[in-house]
Amino acid sequence: MAVDTAPTEPAPTPTPAPDVRPAVTVARVATRTDSPMPDAAASGRLEVGALSAYYGTFRAIREVSLDIPPHAVTAIIGPSGCGKSTFLRTLNRMHELVPGARVEGKIRLDEVDIYDAAIDPVRLRRVVGMVFQRANPFPTMSIYDNVVAGLRLTGRHPRAELDGVVERSLQRAALWNEVKDKLQDSGVSLSGGQQQRLCIARALAVGPEVLLMDEPASALDPIATLRIEELIAELKASYTIVIVTHNMQQAARVSDQTAFFTMGDDRAGYLVEFGDTPRIFTNPRERLTEDYVSGRFG
Amino acid sequence: MTTGVPVMAPSSASALLASSAADRRRGIVNGLFLAVSFVAAVACVVPLAAIVAYVVIKGAAALNLSLLTQETRALGLGGGAAAAILGSLQMVFLAAVIATPIGILAAIYAVEFSERRVAGAIRFAADVMVGVPSILIGIFAFTLFVLPFHQFNAVAGSLALAIIMVPVVMRTTEESLRLVPGDLREASLALGAPVWRTALSVVLRTGLSGVLGGVMLAVARAAGETAPLIFTALGNQHVNVGNLGKPMDALPLFVFVNARQPYPVQNAQAWGAAFLLLLFVFVVNVIVRGRSLRSRAR
């Protein structure tokens with residue numbers, strides 16, 4: 001990689017204007033070269049301002065504004081088609097991979113506008129990782145290779161470093177004890193829940209600060225779901241987690257904040273209410289939220 | 001109350017099930033249709049079976065050590081197909097080396113990078129290329145790679161074969177890349193892998209088995225092509241190893257030349273060479289089939 005200085009080092013001289021870039025994450029998004037595991041500094045705050053997302057001319061979400069606090073779990077709930085997943089995918093710029101897709105508005109990750117022309121979406125995705133609904137380990141790769149796939153696909157790394165990353169990532173994903181003796185087995189030989197934890201380990205291995213989860217447990221049985229939820233509770237000490245879920249009980253169990261989206265008359269999803277999870281579920285301010293969390297619609 | 005519709009009198013089961021003339025006619029038509037389609041199916045298989053049987057009987061008898069090891073000798077004196085065997089190996093190998101990367105990269109472009117309409121145009125062009133009579137490709141290669149040099153040469157033969165192979169490799173690669181689930185592309189991109197690494201290390205690697213099968217089928221096709229070589233490599237009675245600027249023999253050319261000779265010895269050699277070609281094509285097809293069956297079973 002081009003720049004070898006660790007971003008944790010203080011800049012020797014103040015950066016000359018016009019390109020003033022504060023905070024740790026700026027360095028990580030812009031010229032990230034550090035070790036794959038993040039330190040525990042409380043970075044990873046996402047501020048979303050008047051965000052609209054489009055597929056061609058169709059507006060899928062309309063003017064969403066919310067602050068996602070660092071090192072906490074934020075749940076996105078709402079009925080089908082309300083733009084939950086689209087919203088999630090704007091946070092790591094996966095949305096724009098769909099031909100014709102674009103966004104308006106602002107998203108800032110620790111003060112950095114992630115839609116700034118100077119930000120490379122490929123680099124952003126190493127800081128804002130993602131776990132999908134269906135566990136999708138690479139079928140041609142072993143468990144070991146799956147975990148380090150992100151590192152291998154983005155550059156060269158010495159074997160010793162990779163060994164360490166594999167162990168730490170699998171431990172963080174609560175999978176190490178189950179697979180440590182069969183790291184060379186195929187990733188798809190694991191059970192569904194194990195595969196999903198493998199995908200979480202794979203996402204952690206590149207050292208993100210934010211972890212996006214798109215219904216990570218909806219394809220799993222209740223016991224595997226419980227393990228994923230326990231894991232989410234452990235991971236929030238180190239990562240900002242945004243989870244889309246269909247399951248309101250799950251949102252109530254795992255999240256600190258909840259955002260309730262629904263679909264407007266123009267079929268665009270919008271944010272109805274955002275707040276601390278207990279309040280959203282027990283004392284919502286909006287009638288729509290109350291109807292949804294009490295099961296009257298959706 | 002009476003309605004306009006007369007009520008059917010309930011009748012016994014035996015009356016309902018008794019076969020009528022219409023039933024009997026239907027049975028006859030059914031039988032005729034079955035018989036005609038069976039005959040067509042037989043007509044479809046018989047030529048292949050007849051060709052295989054004839055070539056095996058005639059060719060196996062002509063198969064001996066001198067066929068494999070000796071050069072062609074003039075006019076009824078026997079000799080062997082060594083020059084043709086070595087020539088085919090060299091020219092087909094060179095053609096595969098040229099055509100495989102082109103076909104695979106073109107398929108990657110069509111599947112991973114181009115818009116749907118552009119991909120459709122590329123696919124259409126490849127399909128037309130597959131259908132172009134190979135003698136036209138021979139004349140084309142003759143005009144471009146033989147005439148300017150006033151010399152029949154093996155490179156021109158290889159290029160002609162490569163032109164035949166490229167669309168075959170491209171289409172089979174495209175088919176197997178399209179089967180790679182989009183999940184895996186997303187997983188890779190979400191890890192911060194660039195698009196080109198995703199295409200090579202995830203998509204192509206996952207579809208590799210199908211791609212290799214396509215390359216082998218293209219090799220088998222090229223090994224049997226005669227017309228493009230008549231104008232380009234021409235044929236050679238002597239073993240030519242490595243001198244690609246000079247004429248070179250090939251198994252189909254050897255069959256073509258020797259089958260037309262008035263000497264039974266040489267006719268027998270043509271059958272022997274035809275048997276070798278058939279064996280090669282058969283083995284390649286069995287390997288490809290076996291691989292795809294195994295991968296489907298997995």
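The side chains of B:Asp183 and A:Arg134 meet in a salt bridge, with N to O at 3.5 Å; a salt bridge is a side-chain nitrogen of Lys or Arg within 4 Å of a carboxyl oxygen of Asp or Glu. B:Asp183 lies in helix 8 (residues 182–190) of chain B and A:Arg134 in the loop between strand 6 (128–131) and helix 4 of chain A, so the pair joins two chains. This is a predicted model, in which local features need pLDDT of at least 70, side-chain atom pairs count only at pLDDT 80 or more, and totals for chains, interfaces and linings use all residues. Residues are numbered from 1 along each chain as its sequence is written, chains are lettered from A and ligands numbered from 1 in the order in which they are written, and side-chain values use heavy atoms, leaving out hydrogens and water.

**Salt bridges**

- Over all chains, the structure holds 25 salt bridges.
- In the pair that joins the two chains, B:Asp183 is partly exposed at 22% relative accessibility, and A:Arg134 is exposed at 54%. Buried means under 20% relative accessible area, exposed over 50%, and partly exposed in between, with a 1.4 Å probe and protein chains only.
- Within chain A, the side chains of A:Arg93 and A:Glu96 form a salt bridge with N to O at 3.0 Å. A:Arg93 counts as buried because its relative accessibility is 10%, whereas A:Glu96, at 28%, counts as partly exposed.
- A:Arg296 and A:Glu290 also form a salt bridge, and their closest N and O atoms are 3.9 Å apart. A:Arg296 is exposed at 55% relative accessibility, while A:Glu290 is partly exposed at 36%.
- In chain B, salt bridges that share partners link B:Arg123, B:Asp127, B:Arg171, B:Glu174, B:Glu175 and B:Arg178 into one network.

**Helices**

- Helices (H or I, at least four residues) and strands (E, at least two) are DSSP runs, numbered from the N terminus.
- Two packed helices are described by the angle between their axes and the distance between the axes.
- In chain B, the axes of helix 4 (residues 82–113) and helix 7 (residues 154–178) come within 6 Å and cross at roughly 35°. Here axes are lines fitted to C-alpha atoms, for helices over the stretch in contact, and angles run from 0 to 180 degrees between N-to-C directions.
- The crossing of helix 4 of chain B with helix 7 of chain B is right-handed. A crossing is right-handed if the near helix is turned clockwise from the far one by less than a right angle, and left-handed if anticlockwise.
- The residues of this contact between helix 4 and helix 7 of chain B comprise 23 nonpolar, 5 polar and 2 charged. Ala, Val, Leu, Ile, Met, Phe, Trp, Tyr, Cys and Pro count as nonpolar, Asp, Glu, Lys and Arg as charged, and the others, Gly among them, as polar.
- A:Thr154 belongs to helix 4 (residues 143–154) of chain A and is buried at 15% relative accessibility. The A:Thr154 side chain reaches the backbone oxygen of A:Gly150 at 2.7 Å.

**Strands and hairpins in chain A**

- Two strands pair if DSSP finds at least two bridges between them.
- Strand 1 (residues 46–55) and strand 2 (residues 58–68) of chain A run antiparallel and are joined by 7 bridges. A:Tyr55 has A:Phe58 of strand 2 as its bridge partner.
- Strand 1 and strand 2 of chain A form a hairpin with 2 residues between them, and A:Gly56 in the turn has a positive phi of about 60°.
- Strand 1 of chain A also pairs with strand 4 (residues 101–109) of chain A, in the antiparallel sense over 8 bridges. A:Ala53 is bridged to A:Val103 in strand 4.
- Strand 4 of chain A is joined by 2 bridges to strand 5 (residues 112–113) of chain A, and the two run antiparallel. The bridge partner of A:Arg108 in strand 5 is A:Asp113.
- The hairpin of strand 4 and strand 5 of chain A has 2 residues between the strands, and A:Asp110 takes a positive phi near 45° there.

**Positive phi in loops**

- Most residues other than glycine have a negative phi.
- A:Ala174 has a positive phi, near 55°, and is found in the loop between helix 5 (159–172) and helix 6 (176–179) of chain A. A:Ala174 is partly exposed at 24% relative accessibility.
- B:His150 also has a positive phi, near 50°, and lies in the loop between helix 6 (134–146) and helix 7 of chain B. B:His150 is exposed, with a relative accessible area of 74%.

Methods: Polar contact = N/O pair within 3.5 Å; in protein donor to acceptor, adjacent residues only side chain to side chain.
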